[in-house]
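Let's take a friendly walk through a protein model. Keep the structure in view and look for each residue as the text names it.

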Amino acid sequence: METQSRLQTLTSEARKHIEPLLLKLGTHDWADVEDAVLSGRCHLVSTPNAAMIGELVHYPKLTSFILHFAGGDKKELAELQPNLEQWAKENGAKRIEIRGRRGWLREYKESLDHDNIFIQIQKDL
């Protein structure tokens, strides 16, 4: 129960960093994300001024951690990355996938394997 209470507090604190992105994307609302984190389907890492939320996806050949949402202070986001990578490894991930604006490529150019980068093309119907 104490762990669940702490997770609810962390989720509530992360909201201010993630919700603006959700409003732009239109794919989730805050209740969807909160439910995914509280149920254990998604993993949350955060600092007072930044948050990242993603989930493990089991492909036929490997497990990957997909970072769905990240927001807040760029320096604190960078500080969260090693913790996120360690958690992903400990939980069987062989890869981390990030889909986002091109600006993220500038932020992570030193730490990402550029040979494995692709873009996502999208059109709303």
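Along helix 1, which covers residues 2-25, R15 and E19 sit 4 residues apart, so about one helical turn separates them. An α-helix has 3.6 residues a turn, so residues three or four places apart point the same way. The side chains of R15 and E19 meet in a salt bridge, with 3.0 Å from N to O. The term salt bridge stands for a side-chain nitrogen of Lys or Arg within 4 Å of a carboxyl oxygen of Asp or Glu. Helices here are DSSP runs of H or I with at least four residues, strands are runs of E with at least two, and both are numbered from the N terminus.

Before going further, a word on the source: this is a predicted model, in which local features need pLDDT of at least 70 and side-chain atom pairs count only at pLDDT 80 or more, while totals for chains, interfaces and linings use all residues. Residues are numbered from 1 along each chain as its sequence is written, and side-chain values use heavy atoms, with hydrogens and water left out.

How many salt bridges does the structure hold? There are 2 salt bridges. The other pair is D35 and R41, whose side chains meet at 3.2 Å, N to O.

| Residue | Relative accessible area | Class |
|---|---|---|
| R15 | 36% | partly exposed |
| E19 | 24% | partly exposed |
| D35 | 43% | partly exposed |
| R41 | 48% | partly exposed |

**The overall layout**

The secondary structure of the protein chain comes to 4 helices and 4 strands. Starting at the N terminus, the elements follow the order α-α-β-β-β-α-β-α. The protein chain has 125 residues, and 30% of them count as buried. Contact means heavy atoms within 4.5 Å. Of the contacts in the protein chain with a separation of 6 or more, 53% are between residues 24 or more positions apart.

**Inside the largest core**

Leaving out residues up to four places away in sequence, A14 touches W30, L44 and A51. A14 and L44 are 30 residues apart in sequence, yet their C-alpha atoms are 8.4 Å apart in space.

A14 and L44 both belong to the largest nonpolar core, which has 12 residues, including I18, L22, C42, I53 and F69. Helix 1, helix 2 (30-38) and strand 2 (50-58) are the elements that give two or more residues to this core. The largest share, 4 residues, comes from helix 2. A nonpolar core is a set of buried Ala, Val, Leu, Ile, Met, Phe, Trp, Tyr and Cys residues joined through side-chain atoms within 4.5 Å. In soluble globular proteins, nonpolar side chains tend to be buried together.

Now look at helix 2 itself, where W30, V33, A36 and V37 are buried. These residues lie on the same side of helix 2 because they cover an arc of only 130° around the axis, an arc taken from the directions that run from the helix axis to the C-beta atoms. At the start of helix 2, a side-chain oxygen of D29 comes to within 3.1 Å of the backbone nitrogen of A31. Just after helix 2, G40 takes a positive phi of about 90°.

**Around strand 3**

The structure holds 1 aromatic pair. F65 and W87 form this edge-to-face pair, with 5.7 Å centre to centre and 75° between the planes. The pair links distant parts of the chain, as F65 is in strand 3 (residues 63-72) and W87 is in helix 3 (residues 74-90), 22 residues apart. Rings of Phe, Tyr and Trp (its six-membered ring) pair if their centres lie within 6.5 Å, and planes under 30 degrees apart count as stacked, over 60 as edge-to-face and the rest as tilted. F65 is buried at 0% relative accessible area, whereas W87 is partly exposed at 25%.

T63 also lies in strand 3 and is buried, with a relative accessible area of 14%. Beyond its neighbours within four places in sequence, T63 is in contact with several residues, among them L56, G92 and K94.

Key:
Buried means under 20% relative accessible area, exposed over 50%, partly exposed in between (1.4 Å probe, protein chains only). A polar contact is a pair of N or O atoms within 3.5 Å; within protein, one must be able to donate a hydrogen and the other to accept it, and residues adjacent in sequence count only if both atoms are side-chain atoms.
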